[in-house]
Every structure is written in C-alpha cells, then in structure tokens.
Amino acid sequence: MKIHKFIVTQARPEVLFACISEAELIPQWMDELESIHFPIPIDPLRPVGTRFTQRIREGITSRTYQGKVEVYEQFDQFSI
C-alpha cells in the first residue's frame with residue numbers, strides 16, 4: 001500500500017531539507033509522529049536506503065510503520 005502526503009511550504013529548500021533530514025526536527029512538522037527510530041544512523045552523504053521505524057497517532061490509536069528512504073536529491077526530491 002502506498003500512502004502519499006504532500007506538504008506545500010514557502011520555506012527555503014535548505015531549511016526544508018534540514019527538517020526532513022534531521023530526525024530531531026521531524027516532530028516540528030509532523031504533529032502525529034510519536035516516535036522515530038533509525039537502527040543505523042542516517043549517513044548524510046548517502047541517505048538513500050536508510051531504514052527507520054516510526055510510530056504515528058491515528059485518531060485515538062497509534063500504529064507502527066517501517067520505512068526506507070527511496071529518493072534523496074538534496075534541495076530537490078525526497079521520497080520514503
């Protein structure tokens with residue numbers, strides 16, 4: 001199952017990519033995120049392939065999802 005989420009922002013690319021690349025900043029824009037865990041730290045030079053587990057609030061329950069960075073082109077594209 002694929003879920004698509006789009007966020008429209010007026011932030012400069014370097015600010016936006018810092019928020020999606022640095023785990024401690026993700027909760028600032030993803031309100032429903034309860035936790036995120038990277039078994040292996042993100043390699044900022046090669047983030048594609050990085051795996052993570054995140055727990056997300058969905059109404060009154062929470063679910064855990066596994067993810068992987070599929071595309072990362074700094075200041076241009078990001079896909080998990």
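How many aromatic pairs does the count come to?

1. The count comes to one aromatic pair. In this predicted model, the ring centres of phenylalanine 38 and phenylalanine 52 lie 5.9 Å apart and their planes meet at 50°. Planes under 30 degrees apart count as stacked and those over 60 as edge-to-face, so the pair is tilted.

2. The pair links distant parts of the chain, its two residues being 14 residues apart. Phenylalanine 38 sits in the loop between β1 and β2, whereas phenylalanine 52 belongs to strand β2. Both phenylalanine 38 and phenylalanine 52 are buried.

3. Strand β2 (residues 51-58) runs antiparallel to strand β1 (residues 33-37), and four bridges join the two. Within this pairing, leucine 33 has isoleucine 56 of β2 as its bridge partner.

4. Strand β2 is also joined to strand β3 (residues 61-68), again in antiparallel fashion, by eight bridges. Phenylalanine 52, a member of the aromatic pair, has glycine 67 in β3 as its bridge partner.

5. On confidence, the protein averages a pLDDT of 83, and 92% of the residues score at least 70. Among the elements of the protein, β3 has the highest mean pLDDT, at 94. The lowest mean, 73, belongs to strand β5 (residues 77-79).

Key
Residues numbered from 1 in each chain as written. Predicted model: local features only at pLDDT ≥ 70, side-chain atom pairs only at ≥ 80, totals over all residues. Heavy atoms only, no water. Pairing = 2+ DSSP bridges. Phe/Tyr/Trp six-rings, centres within 6.5 Å; stacked < 30°, edge-to-face > 60°. Buried < 20%, exposed > 50% of the residue type's maximum accessible area, 1.4 Å probe, protein only. pLDDT = per-residue confidence, 0-100.
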